[in-house]
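Biologist: Could we go through this structure together? I have some questions.

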Amino acid sequence: MEEAPRVRGAVLSLPLAVLAAIANAVASVLQRKAAQDEPDSETLSLRLVWHLLHRRVWLGGVTSIIVGFLLQAAALGHGELSVVQPVLLLELPFTLVLSSLVFGSRLGVREWGSSALMIAGLAGLLFFLSPSRGSSAHVTWLMWVLASAVNVAVVAAAVAWARLTGPGARKAALLGVAAGCGFGFTAALIKGMTVTFDHGAGALFAGWQPYAMIVTGAGSMFLLQSAMHAGRLLASQPALTMSDPVVAILWGVVVFGEEVRGGVYIALSVVAAGVVAAAVVVLTRSPLLAGAAGRKEQGAPGGDGPCERAGR
């Protein structure tokens, strides 16, 4: 009798996750457009946020993030963490299409082919893993503390590395990793809240997860904006998109006890994940990172951006 509701929940979680990916893609493009004219010195600075608060396009991006967050929370309430977050990988091809429209660049065979390859790899990954429904109800305080500490340490290390790196694609990628790890942590907290919410709104706000989620979500949004400002969209977006589901899968399997297929399916899952990673790497080396299309995105009609100066 319990299997039918689980199946219905899984079916409902997938379209919700896809809609969340679309909303996140809209947010990424709008925020990149708003931040492209700010000076490099304001990366990782609160002055950047203050200036962007006065731009309607940035506020539109924030609204899209909120919509995406609500859709993601609804998807996590119906499905597994290690399924919902990987589906959000679709944010990358959606972002590529939207950025080509907004910044006037043209997607070629490399972009379309890599996007199709990534979607195929994602489908294979979800099929081979087929994670079961886990739960945060039996996660101990010690496990929450240890897992949270590791997650925060990874984010801090990525930010520290980025601060030691000059402006350009590498800094954007590192900040993208930090933001992605933060959003993966936020998703784990949202998943933890779904169990508490079953006991009513009073129990939800009496717990610690909502407040931790606010802190991690706000911090991740700040890192996201800094990543978008530090370099071009195609440098920061793949790092952001890949690190989020990886962290979420680890939370789902290691902490929440979501079971995955074993044996040969593990090997096939690794192959599928490798296909996804290869597609993302190809996209990061897209010619759109350089040349006229790249300068359009940078908002610099003349002169070379960081990638051109580095000969990339």
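Biologist: Let us begin with Arg261. Over which ring does the charged end of Arg261 sit, 5.2 Å from its centre?

Modeller: The ring is that of Phe127. The charged end of Arg261 also sits over the ring of Tyr265, 4.4 Å from the centre of that ring. Please keep in mind that this is a predicted model.

Biologist: Understood. How many helices and strands does the protein have?

Modeller: There are 14 helices and 0 strands. Of the 312 residues in the protein, 50% are buried. The accessible surface comes to about 14,400 Å², and carbon and sulfur atoms account for 70% of that surface.

Biologist: What share of the contacts with a separation of 6 or more comes from residues 24 or more positions apart?

Modeller: That share is 82%.

Biologist: Back to rings. How many aromatic pairs are found in the whole structure?

Modeller: The search finds 7 aromatic pairs. In one of them, the ring centres of Trp144 and Trp251 are 5.5 Å apart and the planes make an angle of 45°, so this pair is tilted. Trp144 belongs to helix H7 (residues 141-163) and Trp251 to helix H11 (residues 233-255), so the pair ties together parts that are 107 residues apart in sequence.

Biologist: Are Trp144 and Trp251 buried or exposed?

Modeller: Both are buried. They also belong to one aromatic cluster, together with Trp141, Phe185, Trp208 and Phe256.

Biologist: Which residues touch the most other members of the largest nonpolar core?

Modeller: Leu81, Leu224, Trp251 and Phe256 do, in a core of 53 residues. Helix H8 (residues 169-197) gives the largest share of this core, with 10 residues. There is also a second, separate core of 8 residues, which includes Leu174, Leu175, Ala227 and Ala230.

Biologist: Let us turn to H7. What is its reach from the first C-alpha to the last?

Modeller: H7 has 23 residues and reaches 33 Å, close to the 33 Å expected at 1.5 Å a residue. Its buried residues include Trp144, Ala147, Ser148, Asn151 and Val155. Ala158, Val159 and Ala162 are buried in H7 as well.

Biologist: Why might residues three or four places apart point the same way?

Modeller: An α-helix has 3.6 residues a turn, so residues with that spacing point the same way.

Biologist: And Arg163, is it buried or exposed?

Modeller: Arg163 is in helix H7. Its relative accessible area is 58%, and the cut-off for exposed is over 50%, so Arg163 is exposed.

Biologist: What about Gln85, buried or exposed?

Modeller: Gln85, in helix H4 (residues 81-87), has a relative accessible area of 0%, so Gln85 is buried. Leaving aside residues up to four places away in sequence, Gln85 touches Gln72, Leu76, Ala187, Asp244, Pro245 and Ala248.

Biologist: Where does Leu90 lie, and what does it touch?

Modeller: Leu90 lies in the loop between H4 and helix H5 (91-103). With residues up to four places away in sequence left out, Leu90 touches Val18, Ala21, Ile119 and Leu122. The C-alpha atoms of Leu90 and Ala21 are separated by 5.9 Å, although these residues are 69 residues apart along the chain.

Biologist: Which residues of H6 are buried?

Modeller: Among them are Glu111, Ser114, Ser115, Met118, Gly121 and Leu122. Helix H6 (residues 109-129) has 21 residues and reaches 30 Å, close to the 30 Å expected at 1.5 Å a residue.

Biologist: One last residue. In which helix is Gln209 found?

Modeller: Gln209 is in helix H10 (residues 209-230). Gln209 is buried, with a relative accessible area of 9%. Its C-alpha atom is separated by 7.5 Å from that of Ile190, 19 residues apart along the chain.

Methods:
Residues are numbered from 1 along each chain as its sequence is written. This is a predicted model: local features need pLDDT of at least 70, side-chain atom pairs count only at pLDDT 80 or more; totals for chains, interfaces and linings use all residues. Side-chain values use heavy atoms; hydrogens and water are left out. Rings of Phe, Tyr and Trp (its six-membered ring) pair if their centres lie within 6.5 Å; planes under 30 degrees apart count as stacked, over 60 as edge-to-face and the rest as tilted. Helices (H or I, at least four residues) and strands (E, at least two) are DSSP runs, numbered from the N terminus. Buried means under 20% relative accessible area, exposed over 50%, partly exposed in between (1.4 Å probe, protein chains only). A charge sits over a ring if NZ of Lys or CZ of Arg is within 6 Å of the ring centre and within 35 degrees of the ring normal. Contact means heavy atoms within 4.5 Å. Accessible areas come from the Shrake-Rupley method with a 1.4 Å probe; for residues, only the protein chains shown count as cover. The expected span of a helix is 1.5 Å times one less than its number of residues. A nonpolar core is a set of buried Ala, Val, Leu, Ile, Met, Phe, Trp, Tyr and Cys residues joined through side-chain atoms within 4.5 Å.
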